[in-house]
Amino acid sequence: FGHGSAVPAGKTRVNGVKRIIAVGSGKGGVGKSTTAVNIALALAAEGLAVGILDADLYGPSIPKLLGIEGKPAVRDDGIFTPHDAFGLKAMSIGSMLIPGQAVVWRGPMATSGLRQLLRETDWGALDVLIIDLPPGTGDIHIALFQQTIVDGVVIVSTPQDLALIDAQKAIDMLRRMRVPVLGLVENMSYFIAPDTGIRYDIFGTGGAEQAAARLDMPFLGAIPLVMSIRAESDAGTPPVAARPEGPEALAYRAIARTL
Ligand code: ADP
């Protein structure tokens with residue numbers, strides 16, 4: 001992996017973790033977490049040792065997406081042992097809450113919570129740690145990017161103008177904080193009706209690809225809007241784990257190979 005030679009002052013790596021890739025979005029609901037989980041599984045399918053950290057502290061969805069139940073084990077020295085889900089090592093604040101419980105934390109609490117999840121977890125030896133960021137550009141992003149060497153960020157957007165405008169703001173933050181942007185994924189790119197096979201460009205299409213060109217960054221690929229992605233995600237068996245050779249899994253695996 002290309003780590004680059006100049007390590008910015010104050011930023012450190014995470015013990016045992018070779019490479020960190022974060023997945024972000026300008027706004028919520030565009031499929032950031034779904035993309036993060038399936039990219040993580042796709043990297044694991046390539047034979048890499050992969051972990052996933054849910055940094056979306058106010059809206060954690062990794063436990064549900066990976067069908068994780070119960071709290072992570074804690075060692076005598078206070079270090080967490082991550083859950084194992086489909087071969088991924090996974091940590092989420094969501095595993096420590098009772099159903100319906102909100103995280104009501106101001107910025108400093110949230111950033112120290114994130115630090116604990118990231119630094120006080122026994123990740124073992126990982127080739128890649130995927131971090132599912134919160135949407136937008138807030139305290140958690142600033143703290144993570146200031147303290148930790150993040151090797152690159154994947155931005156997820158729908159083709160819609162509004163989502164893309166917000167994605168552009170997330171990219172602006174990364175550039176200003178000197179965090180490498182790996183590129184843009186267009187999610188919910190188009191819909192193919194299962195009964196007729198007719199393609200519908202519900203949110204317009206090609207928007208993210210054009211935005212990537214305009215912003216001078218790689219376009220990493222498009223994921224269609226597919227009912228099975230929603231259904232399998234809700235059931236806690238993401239497409240790449242449920243049907244590794246299915247068309248949706250292949251789309252995620254193609255994106256993962258660009259990283
Ligand atoms: P975010 O992390 O951006 O808030 P999620 O990953 O939680 O978004 O996705 C929001 C909803 O959209 C979820 O119900 C998810 O199952 C669904 N979803 C995401 N991507 C797709 C897709 N490509 N096809 C169908 N449903 C999707």
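This is a predicted model: local features need pLDDT of at least 70, side-chain atom pairs count only at pLDDT 80 or more; totals for chains, interfaces and linings use all residues.
**Notebook: a first look around**

Residue numbers run from 1 along each chain as its sequence is written.

Asp-216 sits in the loop between helix 6 (207-214) and strand 11; helices (H or I, at least four residues) and strands (E, at least two) are DSSP runs numbered from the N terminus. Most residues other than glycine have a negative phi. Phe-86 also has a positive phi, about 50°, and I found it in the loop between strand 5 (83-85) and strand 6 (88-92). Phe-86 counts as partly exposed because it has 19 C-beta neighbours inside 10 Å.

**Around the ligand**

Which residues come nearest to the ligand? I got Gly-31, Lys-32, Ser-33, Thr-34 and Arg-230, out of 17 around it (near means a C-beta atom, placed from the backbone, within 6 Å). Helix 1 (32-45), strand 9 (181-192), strand 11 (219-225) and helix 7 (227-234) each give at least two residues to this shell. I sorted the shell into six nonpolar, nine polar and two charged residues; Ala, Val, Leu, Ile, Met, Phe, Trp, Tyr, Cys and Pro count as nonpolar, Asp, Glu, Lys and Arg as charged, and the others, Gly among them, as polar.

**Helix 1 and its packing**

Next I checked helix 1 against helix 9 (residues 247-257): they pack at about 75°, axes 8 Å apart (axes are lines fitted to C-alpha atoms over the stretch in contact, and angles run from 0 to 180 degrees between N-to-C directions). That angle makes helix 1 roughly perpendicular to helix 9, a label covering 65 to 115 degrees, with under 35 roughly parallel, over 145 roughly antiparallel and the rest oblique. Among the residues making the contact are Asn-38 and Ile-39 of helix 1 and Tyr-252 and Arg-253 of helix 9 (contact means C-beta atoms, placed from the backbone, within 7 Å).

**The core**

I then looked up the largest nonpolar core, which has 71 residues (buried Ala, Val, Leu, Ile, Met, Phe, Trp, Tyr and Cys joined through C-beta atoms within 7 Å). Helix 1 gives the largest share of this core, eight residues.

Conventions:
Two residues are in contact if their C-beta atoms, placed from the backbone, lie within 7 Å. A residue is buried if 20 or more other C-beta atoms lie within 10 Å of its own, exposed if 12 or fewer, and partly exposed in between; C-beta atoms are placed from the backbone.
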